[in-house]
Amino acid sequence: MAVVDAEYSFISIDVGSYGKESDSTIFKNCPFGKKLYAGLLNLPAPVVLPNTDNFPEPLVVIGDEAFGLHKNLLRPYPGRGLTQKRKIFNYRLSRARR
C-alpha cells in the first residue's frame with residue numbers, strides 16, 4: 001500500500017500484507033490509514049475552493065472503488081448505469097489520480 005502526494009512523491013508505504021486481504025482492510029490497518037481515520041494526520045482545515053460557493057472542502061486522499069468513503073477519502077462512484085454527472089466525476093477523479 002502506498003500513498004503519494006500531488007507531485008508523485010511517496011509519503012507513506014506499507015509492505016507485507018497478505019494478498020487475500022482487501023485494499024480497504026490493508027489501508028485501514030496501515031499506520032497512515034489508522035492516523036487518517038483517527039484524525040491524527042494534522043491535515044489542513046477545509047477551505048473554500050476558487051470559483052465555488054461558500055462550502056469549505058476538506059483535503060482528501062483519492063482511492064479506487066475498493067475503499068470506503070470517509071470525510072478525507074474520496075473514491076469514484078461504483079457500478080454501471082451511472083448518470084452523466086457521475087460519469088464526469090469519475091473521469092475527473094481518474095485524471096486526478098494520474
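**Close-up views of a predicted model**

Four aromatic pairs are counted in this predicted model, where rings of Phe, Tyr and Trp (its six-membered ring) pair if their centres lie within 6.5 Å, with planes under 30 degrees apart counted as stacked, over 60 as edge-to-face and the rest as tilted. Residues are numbered from 1 along each chain as its sequence is written. Local features need pLDDT of at least 70, and side-chain atom pairs count only at pLDDT 80 or more.

**View 1. The ring pair of Phe27 and Tyr37.** The ring centres of Phe27 and Tyr37 are 6.1 Å apart and the planes stand at 75 degrees, so this pair is edge-to-face. Phe27 belongs to helix H1 and Tyr37 to helix H2 (residues 31-38), so the pair ties together parts 10 residues apart in sequence; helices are DSSP runs (H or I, at least four residues), strands likewise (E, at least two), numbered from the N terminus. Phe27 is buried, at 2% relative accessible area, whereas Tyr37 is partly exposed, at 29% (buried means under 20%, exposed over 50%, partly exposed in between, with a 1.4 Å probe and protein chains only). Ring pairs link Phe27, Phe32, Tyr37 and Phe67 into a cluster.

**View 2. Ser24 and the residues that it touches.** Ser24 is placed in helix H1 (residues 23-29). With 10% relative accessibility, Ser24 counts as buried. Leaving aside residues up to four places away in sequence, Ser24 touches Ala66, Phe67 and Gly68 (contact means heavy atoms within 4.5 Å).

**View 3. Val15 in a loop.** The loop that holds Val15 runs between strand S2 (10-13) and H1. Val15 counts as exposed, with 76% relative accessibility.

Methods
Heavy atoms only, no water.
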